[in-house]
Amino acid sequence: MLRVVIVDDEQHCCDNLQWLLNEYCPGVEVVGVSNGAEEGLLQIRQLQPQLVFLDVEMPVTDGFAMLERLSGIDFDLIFTTAYDQYAIRAIRFGALDYLLKPVDKDELQAAVAKSLHRPSPNALDRQLAALLTHVRQNNAGIQKIALPTLHGYELVPVDDILLCESNSNYTDIRLTDGRHFLISRTLKEVEELLDGAPFLRVHNSFLVNLDYAIRYMKGEGGSLVLKNEVTVPVSRSKKEELLKRITHLPA
């Protein structure tokens, strides 16, 4: 049985999630339910769950701050949150799982199944490092994003990303040092993750880091030359926005 602890300050959310787990997730046992960070930390330390459902928005100490108080993570983790774009973006930065409230039973079953088949939560510390760095700095300074690899996750500074190229439902992320990471997210999802950083979608297939732009070549849409003489096309619809960005003219 997969031992589960639920941490959520709203009792009705705890009750609903526990009912869904009991009804639709065989092989799961809810061993603890708490309504705040202090009680949640105590239950995690005492009950040693294998999976924790953690609410992001809690008074006094939210879910992110609660995680910072744990000396180590030896359990799997699924965040629960109402629709909060910042929280979701932060969670995606760390490549972690989340469920939107009210929790849908099919999404819950998929998340639990994923947890059951994950070989070990050993990579979670690295993922949380990316998430907590993002949360603490709140889009200021160097950020890191967790990119999945065969052996776990590579924590990559956002500043090291040269460009991202669409590959159907995957995205090829290219770094300034020549390394590539093919991740199972669409370019649109990656664009949302990197919103606010010096990135611009210059073409349906390309998202580029303008900090590494070297020159713009004129044409119908034109093309943009990046560091290492990497050249990407610019679509007609993005040409005006690009020129405003690189010449620092007001939008």
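## The main core

In this predicted model, the largest nonpolar core holds 26 residues, and L54, F64, L77 and F79 have the most contacts inside it. A nonpolar core here is a set of buried Ala, Val, Leu, Ile, Met, Phe, Trp, Tyr and Cys residues joined through side-chain atoms within 4.5 Å. Buried means under 20% relative accessible area, exposed over 50%, and partly exposed in between (1.4 Å probe, protein chains only).

Two or more residues come from each of strand 1 (2-7), helix 2 (37-47), strand 3 (51-55), helix 3 (63-68), strand 4 (76-81), helix 4 (85-93) and helix 6 (124-137). Helix 6 gives the most, with five residues. Helices (H or I, at least four residues) and strands (E, at least two) are DSSP runs, numbered from the N terminus.

Leaving out residues up to four places away in sequence, F64 touches V56, F79, A87, A90, I91, L131, L132 and V135; contact means heavy atoms within 4.5 Å.

## The whole chain

The protein chain has eight helices and 15 strands. Of its 251 residues, 47% are buried.

## A look at K114

K114 sits in helix 5 (residues 105-116) and is partly exposed, at 45% relative accessible area. K114 and D97 are 17 residues apart in sequence and 9.4 Å apart in space, C-alpha to C-alpha.

## About the values

Residues are numbered from 1 along each chain as its sequence is written, and side-chain values use heavy atoms, without hydrogens and water. Local features need pLDDT of at least 70 and side-chain atom pairs count only at pLDDT 80 or more, while totals for chains, interfaces and linings use all residues.
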